Structures are given as structure tokens and as C-alpha cells.
Amino acid sequence: MDFKVPDMSCGHCTAAIEKSVKSADPAAQIACDLDTRMVHIDSALRADQLSAAIKDAGYKSTAA
């Protein structure tokens, strides 16, 4: 699943998002692209659960 995260702008941002998603699903595979501000997540969780994990990290996201 892909998410647009407009406020993701640095390595700290990606680390916070990765930590939050991994706490919700330790088996998740996450790829963050700062240039496009997109996060790709392979997870057994639903999109709304992943969006909530990104929100818990302090970032708004939209499914792309």
C-alpha cells in the first residue's frame, strides 16, 4: 500500500514513521521516498490501520 505523507521531509520523519508502523506490525516492510513524499508499506494490516500508525507518528497521510 502507498501513502502520500506531505510533511515527511527528513530522515527523522522517516524513522518516526517506520518505528510507529513497526510497533503496529513488526513484520511490515517499509520504504520511504523523501523526494516524492511517499511511503510504501507491505503489511497484513488494513490501510486504515497503517494510516493510524502514521498519524501516531505525527504525520497526516492519504492513501495513494
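1. β2 and strand β3 (residues 38-42) run antiparallel and are joined by five bridges. Two strands count as paired if DSSP finds at least two bridges between them.

2. A word on the model: it is predicted, so local features need pLDDT of at least 70 and side-chain atom pairs pLDDT 80 or more, while totals for chains, interfaces and linings use all residues. Residues are numbered from 1 along each chain as its sequence is written, and side-chain values use heavy atoms, without hydrogens and water.

3. Now the whole sheet. It is open, its four strands follow the order β2-β3-β1-β4, and the pairing is antiparallel. β2 (29-33) and β4 (62-63) are at the edges with a single partner strand each, so one side of each has no neighbour in the sheet.

4. Next come the helices. Helix α1 (residues 11-24) lies across β2 and β3 and runs at about 160° to β2. Helix α2 (residues 47-56) packs on the sheet, where it touches β1 (2-4) and β3, and its direction makes about 40° with that of β1. Axes are lines fitted to C-alpha atoms, for helices over the stretch in contact (heavy atoms within 4.5 Å); angles run from 0 to 180 degrees between N-to-C directions.

5. From the N terminus on, the order of elements is β-α-β-β-α-β. Helices (H or I, at least four residues) and strands (E, at least two) are DSSP runs, numbered from the N terminus.

6. Finally, burial: 30% of the 64 residues in the protein chain are buried, meaning under 20% relative accessible area with a 1.4 Å probe, protein chains only.

How values were computed:
Buried means under 20% relative accessible area, exposed over 50%, partly exposed in between (1.4 Å probe, protein chains only).
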